[in-house]
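Take a first walk through this chain. We begin with the whole, then visit a few places one by one.

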Amino acid sequence: MNEYDFLGLPDTCKVNKTIFKNMFYDVAGLSKADKKLFTDVIEKVTWLYNLRPDTINILPYKDEEKDYSEIEVIEVTLKDEKRLDRIAEVIMMAIPYAMLLVFRKDDSYKFYTAHHVTSKADFSKNVLGELISSDWQRKDSKFLKRLDFKNSRFSNYCDMYTDIVDAICVFNAQKLTDSKQDLTGEEARSVSDKINTIDTGIENLKAMTKKETQFNRKMELNIKIQNLVKEKKKIMEEKND
């Protein structure tokens, strides 16, 4: 049994080829620090699946800002869990196709996605959009079923990839709000952004409070913290109605 059966992809899309780390050194022009990061953290990089018209019958999509000619599924087995956002950014920039990037350590998975936007200044270069990632998931996690490509639209690769990205966004938002409410990808991103912004604000205010010596100023900061806590609670209650 294939451990990635949960993706629901046909055998015609299988690649299972090693991507050697020096490819990223050459293509991405990595600094010494990034090369050391790849050496210290990454055990192996494997190109698992390649979705393109001759491996799965779906149309590519292209307009002035998007070029979704194929989708890649790439696995990175890890020795350590340091700076995964940076590693994901390097890999996704070096391989400028829509990608489901899977970090695997033992029996746990962490998934990354990001839309690409074609650079108007240089159409040979793509701009990486916001990194969207899950938390660590075990093999028995119900979340893995959300990543079944058969649940996505088959209209074109852009729609299919967008549905995979949105599945992660919705899962993240539902976890943040402890909600089972159905959300669109846009709604999920909005809710997550609001809560993450509030959490950052609370942490910053708490740090300021610890350093503050004046009692009145401490009270003002504590009131601001309580107001943000109430704002967060309101958002979470709205998504649990």
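Buried residues make up 44% of the 241 residues in the chain. Here buried means under 20% relative accessible area, exposed means over 50%, and partly exposed lies in between, with a 1.4 Å probe and protein chains only. The model is predicted: local features need pLDDT of at least 70, side-chain atom pairs count only at pLDDT 80 or more, and totals for chains, interfaces and linings use all residues. Residues are numbered from 1 along each chain as its sequence is written, and side-chain values use heavy atoms, with hydrogens and water left out.

The chain holds seven helices and 11 strands. These are DSSP runs numbered from the N terminus: helices are H or I with at least four residues, strands are E with at least two. The C-alpha atoms fill a box of roughly 65 × 45 × 45 Å along the principal axes. The chain exposes about 13800 Å², and carbon and sulfur atoms supply 50% of that area. Such areas come from the Shrake-Rupley method with a 1.4 Å probe; for residues, only the protein chains shown count as cover. Among contacts with a separation of 6 or more, 65% join residues 24 or more positions apart. A contact means heavy atoms within 4.5 Å.

Now look at helix H5, residues 157-177. How many of its 21 residues are buried? The count is 18, so H5 is mostly covered. The end C-alpha atoms of H5 are 30 Å apart, which agrees with the 30 Å that its 21 residues should span at 1.5 Å a residue. The expected span is 1.5 Å times one less than the number of residues. Asn156 caps the N-terminal end: a side-chain oxygen lies 3.0 Å from the backbone nitrogen of Cys158. Just after H5, Asp178 takes a positive phi of about 55°.

The structure holds zero disulfides (a disulfide is a pair of cysteine sulfur atoms within 2.5 Å). For Cys13, the nearest cysteine sulfur is that of Cys158, 18 Å away. For Cys158, the nearest is that of Cys169, 14 Å away. Cys13 is buried at 1% relative accessible area, and Cys158 is buried at 5%.

Charged side chains come next. Side chains of opposite charge can pair when their charged atoms come close. A search of the whole structure finds 14 salt bridges. Each is a side-chain nitrogen of Lys or Arg within 4 Å of a carboxyl oxygen of Asp or Glu. Arg86 pairs with Asp34, with the closest N and O atoms 2.6 Å apart. Arg86 lies in helix H3 (residues 84-94) and Asp34 in helix H2 (residues 32-41), so the pair ties together parts that are 52 residues apart in sequence. Arg86 is partly exposed at 25%, whereas Asp34 is buried at 7%. Arg86 also meets Glu89 in a salt bridge, at 3.0 Å from N to O. Glu89 and Arg86 are three residues apart in H3, about one helical turn. Elsewhere, Asp159 pairs with Arg153 at 3.7 Å. Glu3, Asp107 and Lys139 are linked in a network of salt bridges.

End at Thr209, in helix H6 (residues 185-211). Is Thr209 buried or exposed? Thr209 is buried, with a relative accessible area of 12%. A polar atom of its side chain lies 2.8 Å from the backbone oxygen of Leu205. Not counting residues up to four places away in sequence, Thr209 touches Lys218, Leu221, Asn222 and Ile225.

Methods
Polar contact = N/O pair within 3.5 Å; in protein donor to acceptor, adjacent residues only side chain to side chain.
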